[in-house]
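Please look over the sequence and the model before reading on.

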Amino acid sequence: MKLIKITIFIFLFHTQLLAQDFYVSIFNTSLYSRPYKKSAKILNLKKGAKLTLIKKSRSNEIWLKVKYKKKAGWIPVFFVSQEKPLSKDELIQGVRYNSRVRVRQRVSSQVEKKPDKSNDFNDKSNQIKSRFGERFSKISETEALKFMENHYFTESKLLKFLRQAGIK
Amino acid sequence: MVSKNKIISIVVLTFLFFPLSCATVFRSTGLETEKKEELALEKKYGRLLAKKIFSLYPLYHNKQANFYLNQLGQSVALFSGRSHLNYRFAILEAKSVFAWASPGGYVFISKGALKKMQNEAELAGVLAHQIAHLNYAHLIKKHPPPQETINFIDKVVTFLLTQGSLVSEAFKKVVDESLAYLRQGFGIEDEYQADLATLYYLDEAGYQAKAYLDFLKRVNSEKNTKDLKKRIRRLNNILRQHKFSLKKPLVKDRFRARMRSVK
């Protein structure tokens, strides 16, 4: 009986101690004093900050009470993950693809200065007129996807964009 | 007194059960683990579906508007759950009001939807909603991608059978089905889940969460559907109960300036 009790104790102890670690998965967020967004912010948390779960909110499944550097507070479940967020190097192809494109663009700008008109929507040779008179680009699906994937902004540029409108 | 052997057996038993206990706790939080390979497969799936979407509706040829959309969308994505995905956004040449998300971070919005919006917060809300669908992997759960062939010989056979394409017929079928599913719309439970996350993403990014509800109300006034009514009622309750700030900005001026060229 004693043996079982000790086993259960160690089992629960381990679960509490090690299994309930979370990481901040977004760029930055705050630790709140109460489980709602209007409450006071205790401190700022950066992406990858390690948090220890204390308990979940009783009223809803959204807020978690966590501990960070000896301070306890609340954080929404949407902004944490069990796995450490991937670093930039580990990101899947998109960024790498874009960085290669940028390198290619830099190199080609040194070698030849032929303008790339494949995604130039203002170039009328890339447009067709519908029967309603609207202009549509005649670029292929692959080119449209490439155009979409070429939009990449660094974190600092995105923060600047938000700050310009007085958001952050 | 507990003997030495018994203590050893306790420790061994504890470590044997430990992974099980971890799994239980992780599952109970409703979050899922992500692996790099899964992300690569998701990206492939997303690219195939994105191409299908572009074959249905062409890309709206407005560089300025697409640039702005990506700036805004990627800013919102910084404050959403899976910031290691590369989110990309595009405007589709369509008059109807809709927004779609393809796995791997590809988000589409119709020109018709953009015209219905009055401020940047509303647009951020719609993009955040699509990001939420991606974070919950709603589409992938309904139409999971087929298992990829890892074997080199299998890859060669697929290459020969599909006349040079490395995409199997099974994969193409799943992509077709998922496009049909997107056109039909997600189930109400998935929409509820994404709506709740939308409000949190929007508020965290710094916009007024209520703006998303305002946009849905405007859409509902023209396209009255039962599901949309239910969602609006539920969002009203959430906004009241979860105490979101109503003082955060809507950003009207920048939105109007950047969207002036959208005709």
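The axes of H5(B) and helix H10 (residues 210-222) of chain B come within 8 Å and cross at roughly 90°. That makes H5(B) roughly perpendicular to H10(B), a term for angles of 65 to 115 degrees. The contact joins Ala121(B), Glu122(B), Gly125(B), Val126(B) and His129(B) of H5(B) to Ala211(B), Tyr212(B), Asp214(B) and Phe215(B) of H10(B). Residues are in contact if their C-beta atoms, placed from the backbone, lie within 7 Å. By class, this contact has 5 nonpolar, 2 polar and 2 charged residues. Ala, Val, Leu, Ile, Met, Phe, Trp, Tyr, Cys and Pro count as nonpolar, Asp, Glu, Lys and Arg as charged, and the others, Gly among them, as polar.

This is a predicted model, in which local features need pLDDT of at least 70 and side-chain atom pairs count only at pLDDT 80 or more, while totals for chains, interfaces and linings use all residues. Residues are numbered from 1 along each chain as its sequence is written, and chains are lettered from A and ligands numbered from 1 in the order in which they are written.

Helices (H or I, at least four residues) and strands (E, at least two) are DSSP runs, numbered from the N terminus. Chain B has 12 helices and 3 strands. Of its 263 residues, 43% are buried, meaning that 20 or more other C-beta atoms lie within 10 Å of a residue's own; 12 or fewer is exposed, and in between is partly exposed.

**Helix pairs**

Two packed helices are described by the angle between their axes and the distance between the axes. Axes are lines fitted to C-alpha atoms, for helices over the stretch in contact, and angles run from 0 to 180 degrees between N-to-C directions.

| Pair | Axis distance | Angle |
|---|---|---|
| H5(B) and H10(B) | within 8 Å | roughly 90° |
| H5(B) and H9(B) | within 8 Å | roughly 125° |
| H2(B) and H8(B) | 10 Å | about 55° |

H5(B) and H9(B) are therefore oblique to each other. Oblique is what remains once angles under 35 degrees (roughly parallel), over 145 (roughly antiparallel) and 65 to 115 are set aside. H5(B) passes H9(B) in a right-handed crossing: the near helix is turned clockwise from the far one by less than a right angle. The contact residues of H5(B) include Ala124(B) and Ala128(B), and those of H9(B) include Ala194(B) and Tyr201(B). This contact divides into 9 nonpolar, 5 polar and 1 charged residues.

H2(B) and H8(B) are oblique too. Their crossing is right-handed. Leu48(B), Leu49(B), Lys52(B) and Ile53(B) of H2(B) meet Phe171(B), Val175(B), Ser178(B) and Leu179(B) of H8(B).

**Helix H2 of chain B**

Which residues of H2(B) are buried? Among them are Leu39(B), Glu42(B), Tyr45(B), Arg47(B) and Phe54(B). The buried residues of H2(B) pack against several elements, including helix H3 (141-149) of chain A and strand S2 (99-102) of chain B.

**Positive phi**

Lys70(A) has phi near 70°, a positive value in a residue other than glycine. Lys70(A) sits in the loop between strand S5 (63-68) and strand S6 (71-76) of chain A. With 5 C-beta neighbours inside 10 Å, Lys70(A) counts as exposed.

Phi of Ala137(B) is near 50°, also positive in a residue other than glycine. Ala137(B) lies in the loop between H5 and helix H6 (138-142) of chain B. Ala137(B) is partly exposed, with 16 other C-beta atoms within 10 Å.

Notes: Two residues are in contact if their C-beta atoms, placed from the backbone, lie within 7 Å.
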